[in-house]
Amino acid sequence: MTTSAQTKSQQVQPKPGEPAVATPDVADALSRPARSLWRDAWSRLLHNKAAVAGAIVILFFMFVAIFAPVLAPHNPLELNSGKGFLPPMWVERSSTGKAGVPEFILGTDNLGRDVLSRVIYGARVSMVVGFIPTIIIVFIGVSMGLVAGYWGGATDNLLMRLTDIVYAFPDLLFFIIVMTALRATALGQFLNGLFLLFVALALVNWVGVARLVRGQVLTLKERDFVLASQAVGASHFRIMVRHILPNSLSVIIVAMAFLIPGAIITEAILGYLGLGLRPSTDPADIFITSWGSMLLEGQTAINNQPWILLAPAISVALVVLSFNFLGDGLRDALDPRLRE
Amino acid sequence: MTTYLIRRIFWMVPVLLLVALITFTMMHQAPGGPWDRDPSRRQVDSSTQEALNKKFGLDKPLFINLEGGNPLDSQFFTYVGNAIQGDLGPSYRQRGRMVQDVLFEPPKGKAIWDSRFGYSMRLGLLALVMAAFLGIPLGILAALKRNTLFDYSALFMSTIGISVPSFVLAIFLIILLAGRLNILKIIQRDWSNPAAWMVPAVVLGFGTFAYITRLTRNSMLEVMGQDYIRTARAKGLGGRVIITRHMLRNALIPVMTIMGPALAGLITGSFIIETMFGFPGSGREYVTAIGNRDYSMIMGTTLIYALLIVLANLTVDIMYGFLDPRIKVK
């Protein structure tokens, strides 16, 4: 996989025995249009089948999340009395003796709500929980990591001590206690409880990113290009943002790709424990149910209608797996030396 | 090395203290209290609540006692003072039992590993042993057969194992084994039968198994490219000697060092699996305690888990020092 990087440096290599100075027209003839490192990485990523497949699945779920009202065959809140626990359409006789109907593709739950429509709406929560906290985490983590790594001293010390504490705290235990404690407050009710989850996720995860960036900065700031910018009088801010940050970007992107599935899993676990999204009955809400909440609701229906559990479980597994494939692909593409 | 160790151990004290402080603050923020509802008894009236609060010291200020006298005569500092002496306080819901008894005391006539914590410990150990005994050989074989179908399948499986969360795996297995095949009871009541442990242990350990497989494979590949392996080949050593003496001994260092944290992770991370399978471990006890607002149980479990994690992380550094003399710990 290192070939493209090698050809790049070999572009104007002279033949053995010839002077290393190329005349302009020779150089022109030998050179290709310039290719940036990003473009190289992009083409490497496109050649990675697993990563592309992962990206397609993620785009699909994002599409589903955005257009949920159009795609859902039913209103996810609509109660169909007398049609509770219908099996999926291909089942002719479930353990409760009911037959599936094409109207409800994946069947219904105990209240007769359409399972497929609820899974479609659940994608919204998972996508939002995946992306928004990650953006906050990266923003805080990168700024803190840059400052701590570049200036060292008290900020750095504080960061390292904070990391020790966060790493000692069993993180799910922390999420559970925070969600339990602040659920009744205004903070806990904002966005059906999702906002509190964002805050909790950000509180735990930013230190990891900060530490990662700090490590990058520590090695980068000794490099010659930083010395050169200092020599020409660039300000500290400029060096941090224009020189060090772009060089740590690949590490940050890869970290993001693995933070997102982590957040999605956390939401599902908390939802399963009844601590995630507050299930809504208001049709005007954007976030009506989550995959985690569906797992909680479906728990008692393992025999009657396993699809209440299976549909969100498969969705979580698929999304998380896709992000992991994409993350692996991004790591290989952005830094071929790290390729496993 | 010794000064480093001493410093690390001393640093554990403020870390644990802060974990206790955060948990304590959050816990008291949660609406309701331990006497609010008790399905087994009648509702507790307010005068009884007051008496109970007084008896258990819940009438004291939370952090600082400003009413003259000793400012440290507060709930938090009393708890910390007792906890240092190994007294985790009385459980508020399991009347008449101390937290340490609930977690560590086995039923009459049984050994320590039949306690709540013992159950979680054994489940975690079983999961880790299975993960290591399957993952290490698989990783070694995958590295030796690099870029073959075998290697690719092992890699693919380990990616799935690392990505798919254990509770999703648990749902699939419960639906398959309990819902379809009727092999397993959905809520297991009898855990004396070792076969009953297999499903939760497999679910719990699958991610670790996948991780160990990948780590072993990568570590082997790295070692296989080293000069000393070429030297060993050049001087005519046989394949088996090279693999066992030269490769494995070095390749397994990273694998060995993650064992401690992996076990700590399996024990502290098992509560969702314990809750799903109705497994009587300390993790399920924590989930119940949260719902019951059993303050002392919440504090006790969190602190013991945090201690476990801190100690596990410490062992990594020590193990690196012992297993790989090239690394000098400052």
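What is the mean pLDDT of chain A, and what percentage of its residues reach 70 or more? Keep in mind as you start that this is a predicted model, and colour chain A by pLDDT: its mean is 81, and 87% of its residues reach 70 or more.

Now select residues 1-11 of chain A, where pLDDT stays under 50 and for which the model has 11 contacts beyond four places in sequence. Helix H1 of chain A, residues 3-10, has a mean pLDDT of 45, the lowest among the elements of chain A. For the other end of the range, select residues 49-66, which form helix H4 of chain A and have the highest mean among those elements, at 91.

Next, show both chains and look at where they meet: 34 residues of chain A are in contact with 38 residues of chain B. On the side of chain A that touches chain B, the elements that give two or more residues are helix H7 (153-168), helix H8 (171-182), helix H12 (236-272) and helix H14 (307-334) of chain A.

Of the 330 residues of chain B, 36% count as buried. Among contacts in chain B between residues at least 6 apart in sequence, 67% join residues that are at least 24 apart.

How values were computed:
Residues are numbered from 1 along each chain as its sequence is written. Chains are lettered from A and ligands numbered from 1 in the order in which they are written. This is a predicted model: local features need pLDDT of at least 70, side-chain atom pairs count only at pLDDT 80 or more; totals for chains, interfaces and linings use all residues. pLDDT is the predictor's confidence in each residue, from 0 to 100. Helices (H or I, at least four residues) and strands (E, at least two) are DSSP runs, numbered from the N terminus. Two residues are in contact if their C-beta atoms, placed from the backbone, lie within 7 Å. A residue is buried if 20 or more other C-beta atoms lie within 10 Å of its own, exposed if 12 or fewer, and partly exposed in between; C-beta atoms are placed from the backbone.
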